[in-house]
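I opened the model to look up contacts, charge pairs and ring pairs. My entries follow.

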Amino acid sequence: MTQLGLLARIEARPEYADKVEDLLRGALQLARQEDHTVTWFAFRQGPTTFGVFDTFDDEEGRQGHLRGRIAAALTEAAATMLSEAPNIRPVDLLAVKLP
């Protein structure tokens, strides 16, 4: 049962907002390759504010995702494209509706 998640807030530097959007759109392919990532959503909240929400069945899957290629790409982008390090928080899911 999907019971764990991660919620990340990503703030881009204004001149890199489009590149951050492209990075997140491209990360979908990487998320699809992760066997333990149940769901993965990337979203935009404003001109420079983005986010990612993903879910996992267990802590092993969540930790594996944090050590994966998407996290590495965000860490690499942080130095130039982000105004601050991504704010990534673990969440415990209380209720889930999946198709």
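**Entry 1: Thr49**

Leaving aside neighbours within four places in sequence, I find Thr49 in contact (heavy atoms within 4.5 Å) with Arg9, Ile10, Glu11 and Arg44. I note that this is a predicted model, where local features need pLDDT of at least 70, side-chain atom pairs count only at pLDDT 80 or more, and totals for chains, interfaces and linings use all residues. Residues are numbered from 1 along each chain as its sequence is written, and side-chain values use heavy atoms, with hydrogens and water left out.

I place Thr49 in strand E3, residues 49–56; helices (H or I, at least four residues) and strands (E, at least two) are DSSP runs, numbered from the N terminus. Thr49 has a relative accessible area of 15% and is therefore buried (buried is under 20%, exposed over 50%, partly exposed in between; 1.4 Å probe, protein chains only). Its side chain makes a polar contact of 2.6 Å with that of Glu11. I take a polar contact as a pair of N or O atoms within 3.5 Å; within protein, one must be able to donate a hydrogen and the other to accept it, and residues adjacent in sequence count only if both atoms are side-chain atoms.

**Entry 2: salt bridges**

How many salt bridges does the structure hold? I get five, each a side-chain nitrogen of Lys or Arg within 4 Å of a carboxyl oxygen of Asp or Glu. Glu11 is buried at 12%, whereas Arg9 is partly exposed at 37%.

Arg44, another contact of Thr49, forms a salt bridge with Glu21, closest N and O atoms 2.4 Å apart. This pair links distant parts of the chain, Arg44 in strand E2 and Glu21 in helix H1 (residues 17–32), 23 residues apart.

I also logged Arg62 with Glu59, at 2.7 Å between the closest N and O atoms. They are three residues apart in helix H2 (residues 59–66), so about one helical turn separates them. Arg62 is buried at 6%; Glu59 is partly exposed at 36%.

**Entry 3: rings**

I find one aromatic pair. Phe41 and Phe53 are stacked, 6.3 Å centre to centre with 25° between the planes (ring centres of Phe, Tyr and Trp, its six-membered ring, within 6.5 Å; stacked under 30 degrees, edge-to-face over 60, the rest tilted). Phe41 lies in strand E2 and Phe53 in strand E3, so the pair ties together parts 12 residues apart in sequence. Phe41 is partly exposed at 45%, and Phe53 is partly exposed at 24%.
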